[in-house]
Amino acid sequence: MLLHVLNRSPATSEVYRQALAAMGPDDRLLLIEDGVQGAVGTLVARFAGLEGRLYAQEEDLVARGLAPLCAPSVVRVDVEGFVLLTEEAQRTVSWF
Amino acid sequence: MANDEAQGVEGDLLVILRHGPHGSSWLREGLDAALVAAAFGRRVTLLFMGEGVTALMPAQQSGPLGQKGTSPTLEMLEMYDIDTLLVEAEALARFGLRAEGLMLSARAVEAKELSVLAATHSLVLTF
């Protein structure tokens, strides 16, 4: 299982499509920095099929005022959770 | 013709803000340009487009490492007489936001009005 890390907003950048294309069936996706915009509104639909494997960095949601809008299907993780995810994964792959 | 559709938006400079806070310095630089122009007496219109609409989220905070956000700068706009704030309606919908819930009073503009805005301002800066 790989951890894919995305730091660009799906509202602006198409790189999320490359991340999705490279993901295996058990891989996890963590949204960080501007990537957390993908956890709100209709944008979360871009990650359909990743329920339970889609994570968002709590601190980045809070800094942007987006925490109240975070979709319930997205697992929110703090920095410690980020570290745990990297521990559980064989490797991490960054998308930026 | 075009002026009628722009619903009375008159300005010298249109600053288009297309990036959210924290992730890059684009938003801050766009706001700085707007403040400088206003300080020199230009009539500035701000258009928040795409992810730029998240700049107007209420209850923003400093970054996880203590980085200063942009919302304090936004609160200064009124002091510089920048009161024409526009938000792209489609982007609001995409983020599940409503114009009434934003931290500053802003008017939602439909897609067809965007080209009018770009055409009726003598200078357009995109950030």
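Reply: Start with pLDDT, which is the predictor's confidence in each residue, from 0 to 100; helices (H or I, at least four residues) and strands (E, at least two) are DSSP runs, numbered from the N terminus. This is a predicted model, in which local features need pLDDT of at least 70 and side-chain atom pairs count only at pLDDT 80 or more, while totals for chains, interfaces and linings use all residues. Residues are numbered from 1 along each chain as its sequence is written, and chains are lettered from A in the order in which they are written.

Me: Which elements of chain B have the lowest and the highest mean pLDDT?

Reply: The lowest mean, 45, belongs to helix H1 (residues 2-5) of chain B, and the highest, 98, to strand E2 (residues 44-48) of chain B. Over chain B the mean pLDDT is 92, with 94% of residues reaching 70 or more, yet residues 1-6 of chain B stay under 50. Where pLDDT is low, the predicted coordinates should not be read in detail.

Me: Is B:His121 buried or exposed?

Reply: A residue is buried if 20 or more other C-beta atoms, placed from the backbone, lie within 10 Å of its own, exposed if 12 or fewer, and partly exposed in between. B:His121 is buried because 22 other C-beta atoms lie within 10 Å, and it is found in the loop between helix H5 (111-120) and strand E5 (123-126) of chain B.

Me: How many residues does each chain bring to the contact?

Reply: Two residues are in contact if their C-beta atoms lie within 7 Å; here chain B gives 19 residues and chain A 18.
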